[in-house]
Amino acid sequence: MINIPSSILCRMAARSSISRGFATSVVTKSEAKTPIQKVGWEYLLKQRSKNRPIAPHLTIYQPQLTWMLSGFHRISGCVMAGTLLVGGVGFAVLPFDFTTFVEFVRGWNLPCAVTAVFKYIIAFPIIFHTLNGIRFLGFDLAKGVDNIGQVYKSGWLVFALSAVIALAIVVNSCQNKNKAVKSA
């Protein structure tokens, strides 16, 4: 007879009972266990037969500032992180560094109007993400969430401040570029 330690047998028995519990708790399409599950399944089949969406999606909701700013906050954070990752790896692997790249772009002598657009596209998400992150930290501290009006006011304030600050940065950089060109 094989001599198996009891601790191993106990672990094996516990694992099989846990996995059996998971396997029996899943409701399959064909077998609903309760009358409510049967009604729910029949409702979903009826919705599918009418070509209606089974789950809610963004196209059925009226756009709201709260979820648009939250979504843009997440998207801007992901884009900035991805840009830093790709840029960091790119400049680590490529035979030139960031300053060489900037000087290469400056060598094109693009008009300030063209570079201003690109600078604004870069500056606005950074400033928005920073200001909105501060706003969200306030929400975590339960500040400014007493009513939906306060939430909307702070959202519009963050959006407007981001636009104004980004514009000020771009205008300042164009003025500095013009001063540098005149003095040269």
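Begin with the record: the unreviewed UniProt entry places the feature "transmembrane region" at residues 75-96, 108-131 and 151-171, with positions given in the numbering used here, feature names shortened, and annotations that may be inferred rather than shown by experiment. What you have open is a predicted model, in which local features need pLDDT of at least 70, side-chain atom pairs count only at pLDDT 80 or more, and totals for chains, interfaces and linings use all residues. Residues are numbered from 1 along each chain as its sequence is written, and side-chain values use heavy atoms, with hydrogens and water left out.

Select residues 108-131, whose end C-alpha atoms lie 33 Å apart and whose span is 83% helix and 0% strand. Then select residues 151-171, a span that is 100% helix and 0% strand, with 30 Å between its end C-alpha atoms. Helices here (H or I, at least four residues) and strands (E, at least two) are DSSP runs, numbered from the N terminus.

Next, go to helix 2, at residues 35-49: its 15 residues, at 1.5 Å a residue, should span 21 Å, and its end C-alpha atoms are 21 Å apart, which agrees. The expected span is 1.5 Å times one less than the number of residues.

Just after helix 2, select asparagine 51, which takes a positive phi of about 60° although it is not a glycine. Asparagine 51 is found in the loop between helix 2 and helix 3 (65-93), and it counts as exposed because its relative accessibility is 72% (buried means under 20% relative accessible area, exposed over 50%, partly exposed in between, with a 1.4 Å probe and protein chains only).

Move on to asparagine 109, in the loop between helix 4 (98-106) and helix 5 (112-140). Phi of asparagine 109 is near 55°, a positive value in a residue other than glycine, and asparagine 109 is exposed, with a relative accessible area of 65%.

Finally, turn to the largest pocket, and select Phe98, Phe101, Val102, Lys119 and Ile122, which lie nearest its centre among the 26 residues that line it. Helix 3, helix 4 and helix 5 are the elements that give two or more residues to this lining, and helix 3 provides the largest share, ten residues. A pocket is an open set of points on a 1 Å grid over the protein atoms alone, where a 1.4 Å probe fits, with protein on both sides within 12 Å along at least five of seven lines, and lining residues have an atom within 4 Å of a point.
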